[in-house]
Structure formats: structure tokens, C-alpha cells
Amino acid sequence: MNAFLRFTVCILIINLFGCRPDTRSTKLPQYHRQTRAQVIAALGAPASTTQFPMSEANSEFRIELRNTYPRSIPETLNVMIEELTWPDGDYSITLWLHLVDGQWVVLDSCRWHKDVRF
């Protein structure tokens, strides 16, 4: 690969993923479908907890919740979500839970570096 092509590929990678690999956010599928009790047993008490209806899931941070509860279906706007967040060094872990058969269950997750801006 010639020098110009290597340089171009490097610039493309930096633009797509950022300069530091630790600035990306990732999902934590090992927690998906676990109950609230199971994740608290694994991670301890969350540093913050909040509940909101899907009608308030408007930020980029919560956008993927719409894959399960799209705004195009009016009934989904009233679905309650519980958001739990833990510190994890330079990262934070956020899990979003919804009610399934009367029990809070993890729907989605995000582990994100403190420098990430949503």
C-alpha cells in the first residue's frame, strides 16, 4: 500500500472512530434480558436511577430505545423506562429497563467514555 493510501485510510479511521479507541460507546449484551435484581447483584447499587415515559426519550443518548418502542405507534409513548447508571472508571454504564410481566428487565445498554458527547 503506498504512503498516500495509508495516510488516507488513517484519516478515514480517525474521522469514523475518533482519535482514541476509549472514546467510543459500546453495548453490553450480557445484561440484556436480565432482571433489575440480577444486574444490581452483578454491578451493585446504581449511582443514579430515573424513570421516564418513551414520549420523553428524545435525546441521542436514548434514541435506540425507539427501535423497540417507535414513535409511530402512539401506545408506545406511554411505556415507562427505567434508566440505571453506574460509574466504571473513566466510563459509565447505563442500562435501560422496561416492564415485562410485571418485572423490570434490561432492554438496552451503553458503556460510554466520559469524553463521549451524545
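Visitor: Let's start with strand β5, residues 103–113: is it mostly covered or mostly exposed?
Guide: Mostly covered. Nine of the eleven residues in β5 are buried. Keep in mind that this is a predicted model.

Visitor: Which strands pair with β5, then?
Guide: There's β1, residues 25–26, which pairs with β5 in the antiparallel sense over two bridges. And there's β4, residues 91–100, also antiparallel to β5, with ten bridges.

Visitor: Is β4 mostly covered or mostly exposed?
Guide: Covered, for the most part: eight of the ten residues in β4 are buried.

Visitor: Zooming out, what's the strand order in the sheet?
Guide: The order is β1-β5-β4-β3-β2, in an open sheet of five strands with antiparallel pairing. The edges are taken by β1 and β2 (48–53), and each has a single partner strand, so one side of each has no neighbour in the sheet.

Visitor: What packs on that sheet?
Guide: Helix α2 does, touching β2, β3 (80–88), β4 and β5. The direction of α2 makes about 10° with that of β3.

Visitor: What share of the residues counts as buried?
Guide: 33% of the 118 residues in the protein.

Visitor: And the contacts: how many join residues at least 24 apart?
Guide: If you take the contacts between residues at least 6 apart in sequence, 54% of them join residues at least 24 apart.

Visitor: On to the turns. How many residues sit between β4 and β5 in their hairpin?
Guide: Two, and Asp 101 in that turn has a positive phi of about 50°. Asp 101 is no glycine, by the way.

Visitor: Is Asp 101 buried or exposed?
Guide: Exposed, because its relative accessible area is 80% and the cut-off is over 50%.

Visitor: What about the turn between β3 and β4?
Guide: That hairpin also has two residues between its strands, and Gly 89 in the turn has a positive phi of about 65°.

Visitor: Back to non-glycine residues: what's phi for Arg 33, and where does Arg 33 sit?
Guide: Phi of Arg 33 is near 75°, so to speak on the positive side. Arg 33 lies in the loop between β1 and α2 (36–43). With 69% relative accessibility, Arg 33 counts as exposed.

Visitor: Thr 35 is found in that loop between β1 and α2 too. Buried or exposed?
Guide: Thr 35 is buried, because its relative accessible area is 14% and the limit for buried is under 20%.

Visitor: What is Thr 35 in contact with?
Guide: Leaving aside neighbours within four places in sequence, Thr 35 contacts Gln 103, Trp 104 and Val 105.

Visitor: New topic: how much space lies in the largest pocket?
Guide: About 220 Å³.

Visitor: Which residues lie nearest the centre of the largest pocket?
Guide: Ser 25, Lys 27, Glu 64, Cys 110 and Phe 118, out of 13 lining residues.

Visitor: Which strand gives the most to the lining of the largest pocket?
Guide: β5, with three residues. Both β1 and β5 supply at least two residues each to the lining.

Notes: Residues are numbered from 1 along each chain as its sequence is written. This is a predicted model: local features need pLDDT of at least 70, side-chain atom pairs count only at pLDDT 80 or more; totals for chains, interfaces and linings use all residues. Side-chain values use heavy atoms; hydrogens and water are left out. Buried means under 20% relative accessible area, exposed over 50%, partly exposed in between (1.4 Å probe, protein chains only). Helices (H or I, at least four residues) and strands (E, at least two) are DSSP runs, numbered from the N terminus. Two strands pair if DSSP finds at least two bridges between them. Contact means heavy atoms within 4.5 Å. Axes are lines fitted to C-alpha atoms, for helices over the stretch in contact, and angles run from 0 to 180 degrees between N-to-C directions. On a 1 Å grid over the protein atoms alone, a cavity is a set of points where a 1.4 Å probe fits but cannot get out, and a pocket is an open set with protein on both sides within 12 Å along at least five of seven lines; lining residues have an atom within 4 Å of a point. Grid points are joined across faces, edges and corners, and a volume is the space filled by probe spheres set on the points.
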